[in-house]
Amino acid sequence: MLPGMYEFHFELGHLIFLGGFMTIGAVIGATLLIALFRSTRIVTVPGGAKESTEGVLHHVGHTLLRPLAGGTLKISLDDLGTRLLGRPDRMRLPGIGQRITEGADAVKLWRKQAAATIVAPVSGTVVETGGHDDKWYLRVLPDATPVEGENLMGATKVRSWLTSEIDKLQAVLSSEDLGLAMADGGEPLPDLPSAVPDADWQKIYSEMF
Amino acid sequence: MGFSVKRRDFLGLVGGGAVGAALSPAPWKGLDDIAIWTQNWSWKPRLPRGPVEVAFTHCGLCHAGCGLKVRSVGGSPVGVHGVPGHPLSAGFVCALGLAGRYLSYHPSRIVEPTIVGADGQRRGIPFKAAVRQLGDWLDDTRSGGGHGSVAILDNRPGRMRSLAYRKWLGALDGAHIKGLREDTPINRLRAMLDGPAPELGLDIARARTVLSFGAPVLEGLGSGEAGSQLRGRSDSDKPYIVQIETRPSRTARGADLWLRIAPGTETVLALGLANVLVSEGLYDKEIIAQQALDLDGPGGYRELVARFSPKKVSRITGIDAATIKKVARRFASGPAVVIPGVDPGGGPLSAEAQTAAFSLSLLNGDVGRPGGVVARRASGTTQLPREGRLADTVELADVPDGSIRLLIADGVAGGFAIPTSLLERKLNPSEGRVVSLAPFERSALHGADLVIPSTTPFESIDEAGVPIDAPVDSMGLTVPSMRAPDYSVDSLRVLSMVAKSSVVPTITELLRGRSDRIHAGERGSVFDPSKGESVPLTEFKTNGDLWRALTSGGLWTDASATFSCPPFRLMGANAAIRDRLHRALEQPSTADGWAHEITLMPFGWRDASGDGPLPPVMAKLFRETRLRLDSRFATICPKTAGDLGFVEGDKASIKTSLGSITVEVVLDPAVVDGVVHVAVGPSTEAFGDASRGKGDQPLDLPSCENDACWRVIPAKMLEVVS
Amino acid sequence: MIEPLTNRAPTRVFLTWIGFWIALFAIGGYFGMLCLSQGLHHTNMNNRFGFGIWIFLDLTVIALGAGAFFSAFLLYILKKQALKDVIGSAVVLGFICYSGAVVVLAIDVGQPLRAWFTFWHPNAHSMLAEVTFCLTLYLLVLAIEYVPLILKNPSLSKNVSLLIFEGQLHKVVVVFAGVGAVLSFFHQGSLGGLYGVMNGRPFAFREHFFIWPSTFFLFILSAIAAGPSFLILINKLASKITKKQLVRKEAYDFLGRISGWLLLAYVGLKSADTIVWINHTAPASGYSVSEFFKEASFGTWILFAEIVLFGLLPALVLINSRLRKRPSLMIVAPMLVCIGIAINRYVMTLQSQSLPTLPFEEFVLYTPSLVEIGVFGGMISYGVIVFSLSYRYLPLYPGLRQKAKT
Amino acid sequence: MTKTTPQKRYGMVIDIDRCDGCGACMVACSLENNVSVVPPEAGIHRGLTWIRVYSVTNEKEYPHSDTAYLPVSCQHCGNETPCVGVCPQSAVDVDPKNGIVSQIPERCMGCRYCMVACPYHARYFNWWDPVWPEGTEHLLNPGVTPRMRGVVEKCNFCHGRHHAAQERAASEGRSEIEPNEYQTACAEACPNGAITFGDLADKDSEVAKLAAGPESFQLLKTLGTGPKVYYLTQRGWVRDMAAKTPLPLDGQPDD
């Protein structure tokens, strides 16, 4: 197995044989380690796994509504949205004090020459904007406390909706030659655009948001 | 934030640690230790440890008495080898001898005295009680019994031990019965000689022709070494071996000429050969003229053999006339040895066959002739240290039926099986009792009323036998190479405890006595196994020196004696036998009208048969290679199989009027049509057990009519529907 | 608590199904323990049959499991999108076949505790060493390919780090596909090599190319030919049981076509190899091939069955696009293919041992003992259990959700 | 290996015509090498018989019937040794100094590949834990370690004796062992002197002379495994039966 160990001969066959297998073993091990290591960098997404999902509402525009102290709401992208956009190259958030109306465009994000327009999940006044690249959020004082409805979903409805969304996304993707994007048709990658650069992202964004 | 940084550090630490550890020797050492552990899983026996001592002795497992070199560790023999240059065995050891030491631990060894109670159940009893019981039985027997009502069955007569038996029996007017052994027939020859004859031996090594009637000449006859010598020697100087045998035995296949004789027609063939010798005048005219007492005249030998023309003989024996003539001429062309063989399982030939066979030796003038039958001088065995009346030694066959009230079976292994029915016939039907002193459950003695286990050959000192082919007398000892277990006891000690009148000496006294007398005789030479050479006896200053030599594995051999043939009767002195010779041409009537369709011929393997158990390793090897089929197999020829509707591997049952055994059919084209051969002896199942129901069922079948001969058994062979 | 995916069988039905197989698995496990704790005399193998039903079936299973590496190879390296539907099930199948085979092998060897000596004192010249190395590494690869599937269970995918780990693995899935392909190509080959190199066994011995006997290549080819067929069978079976259309027709068609053409190539080479063997290899070692087939139990019929009946025939069916349209044939033909491969492995493993090489040794037949069958039954049930669980809890079939939605 | 010591090629010549199938060689071998007493259910195919005596008859009737006994042990192949190449963990090897093919039971994992590869069916597997009758363990040969369950074993030309002989020689300051110092148990035990053991490389040795003789042949010579066990016979049918005759490429035996 190793030089100096019983039965090891410095002969060609032996070296090729063991060398070959050791290399392959090394490759596998290395890849595994890297993957493991990367996976340990926990990102703190507002509305991500770290905060309580108490009273959170999900908007069909892939935004999350999270009630904060003082009746304000925190608006941020949901998981799928985040994955779709990855790290936007550029973003335009409404200014503080500016009014947003439900269903109307509120935020615009650019990624790789493709623009995604995020509609406001509620009507109200922006009291705070924050975060950077994929971790942006708006703090809004709503005209009225939002309730579940056609476009606003509670935890119960969300799953089936999400799955269908994912299917939608996959349908779009699989219409093109993008094997890797939907790893065997499962959940999408954390940063889709970088994983699948050559997709028509403009089309995808207009489909999804 | 800070948290994730910590975690990264932690991982770094772990990773670094791993790499560091891999570079240290610790994990590799660990792996090696694991390796060593896994290398010894699972179980392995612990081996004997300690210095190896080498000692010499003789093998006591049969009367061949081969010289042995024994390697021991901590008092237990771990290796047995032959002794090159040994005068008798010349380095030869048979498989049984090699593995014999394992017998002491054989599962069928008896570890306590047992008795059969009124309920017919066998149970263990204390040694003292067993001896008391034997004493009581002895008393009633003596009160009620006449001559020979007390008897000892001695598998190896002629030892000093045997003399002690005879002395003990002499006081009781008992009978000393010879167990079966391969030189039994020689006593027929002695009986044919007129007047007292010395011990006789066969000088096979120097013979020109060996005429063997089914004797295992090439399978370890006599010293065993003889056979190997015969095989080993180049064709030019090795005797021409004629094997007269029905079974395709290893000897038959290896012999120069194999006469496949029809079952039970040896007498006819012998007389047929005599016919050729006489009619062609090939016999030793001088000796016959001077010494033959019954050649001519009415009912004389000449008249007898005249009726056995080769043509007629050929019809009965199935051997063509030309061959018979050829063999007779070859036989007459020089010194020859005739061996009426005793099969370890099939027993002896009929008395008349033995007589007829030996008449050929006499015709050929081979008695007293080098390369023929030579005489051995008695040496120190005739008288005992203390004088006393000796009981006569008789053949088992000659013991009157129902005469024995108390039969004591000596412990030594004979190697020759005896049918249960034969032993039972000799016992008194009403109160015949059997006491076994055997260390193992022995086939013929399975029903013994009382068993007092004695020692095995490797545990006790005794005399090694003198093989049939030894031209001179000899004395070698079986020096113990293992400790005898506490539950075993020497047979003489048992006798001394129940002896009322006479004092029984210990075996050591007896042997020392003979040794001293040999020393006084100043004859012969002594072989030193450690040096591998012999020195004249005269070089041993004191009798102590000789005794020391013998007790360290030495062998004393007598100087050869010359002996001129006395007057003799070619048909023997026994009228009954003579009469049967005259009726030899009549078809043998099948016993009690039992309509038989096949002839069962039991046989035994020379070194692994008879009534003893088989060492586990032999049982295993014969089982795994099928090299020797045991009593579970029956060999027949394809034609017979076809006629009876058997194919190889069938289960069959062989029936006689006395019982039946179940066997597996094996085909061999060399077997005679209408004959089935079944081995007698320990089964190779389990560890080679010879006890009841495992080993020797074939010998439960013969009824042993006409003078204790069970070679040819009329039987039926039926299919067993499973 | 991990929950089943939507539209899966009700718990009660699932439990009865899985319960049956778990019982079977328990029996196998017990028999396995017998062999490990008391020795292999519980099997019917003997000194003439060092390899028994276990080796034969392991080889078969591994050959059929080749579907995994081959589909991965086609999908990730050659970008054959048609296979996206089956890749999930392929990976699981491969994992089952290989892990199962390894476990059975551990029972099959007399001293499993020493199995690692192959890495400790490897013999570079031994085909079995090559097999061991490839098998171990490839099993690792399969495990790695299996992990993302597991992580895709919704309840698990809530965990962000797991999500990311999965993502990272997917970044390098190509590496694994490649490595896996290499490894399994090699060990399928070395499994064939096992027999081809035995210069003492004229029945098995074959001509060499460089260091590899022809069986090396034949085994690879037959494996990648049979793998897809087996995938078809299993997926069709799964559809039958779940009463759902799991895989799109195109996938089946593609697999069938691949299988067909590869099998055709295999049959061709196998025939050529056999001819060389009959006329050159065997006679050169002193045996006429007629000796090999003179016993009825291994007559020439077996050669015919292997090459024509279960080789040429299904190959011709599968390469014909019109016949492939016939659903019945798409079950029968793959079945024939798999049986054909099984026969090949059977002949190479068992017939070569039945035949004595010593002229005075006997022809020996061997029938597996209950223990041997039980242990293998245990392995089968292990496979069913793993596959059922994977189907119930993991998104094996991307196509499935679309169907569910409409 | 050191260049100074000349190569030995230990081998054996077995005279079939002298073998009468008594089995002493098997018994001597089993006792010498502590071969376990396998339970009876082992039958004829699961035993341990390092040297196995086959009995072969010519299937003819009297008087033409004849039987030959062929003791077959490991043939210690000297060329492309079939069992050595296949062992995955180097548990089988050929000693370059003397050509003895040895099995290392402590390393064998019991995969039995070598048994499948051996054309002489001369390798045996421990299907059971080793067993000896109650109390006979102290009768075992201290010079040879018994094998454990689950490993392959076979004839190694009584390696224990070879080892002992070498140690003796070394203790007396000799690098070489004398021919008479090293005999296998079977050769020593054969009552008919049918087995001759020695160094085939030594042209003057008895064994080399016999092996070179006209009556000698090897089992399955055509496989090209170069066995170092030779057989002698004058009986034509035995030779024809035992020695595989080479076939021409059309698959028919040539005469």
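**Strand pairing, chains B and A**

I started with β9 of chain B (residues 209-213), which runs parallel to β12(B) and is joined to β12(B) by 5 bridges. For my own reference, helices (H or I, at least four residues) and strands (E, at least two) are DSSP runs, numbered from the N terminus, and two strands pair if DSSP finds at least two bridges between them. Before going on, I noted that this is a predicted model, where local features need pLDDT of at least 70, side-chain atom pairs count only at pLDDT 80 or more, and totals for chains, interfaces and linings use all residues. Residues are numbered from 1 along each chain as its sequence is written, while chains are lettered from A and ligands numbered from 1 in the order in which they are written.

Next I looked up what stands opposite B:Phe213, and found B:Pro340 in β12(B).

I then traced the whole sheet in chain B: 4 strands in the order β11-β10-β9-β12, open, with parallel pairing. Its edge strands are β11 (257-259) and β12 (336-340) of chain B, each pairing on one side only.

On to chain A, where I found an open sheet of 7 strands with antiparallel pairing, in the order β5-β8-β9-β3-β2-β1-β10. β5 (99-100) and β10 (152-153) of chain A are at the edges with a single partner strand each, so one side of each has no neighbour in the sheet.

Last, I checked β5(A): 2 bridges join β5(A) to β8 of chain A (residues 124-130), and the two run antiparallel. There, A:Ile100 stands opposite A:Gly124 in β8(A).
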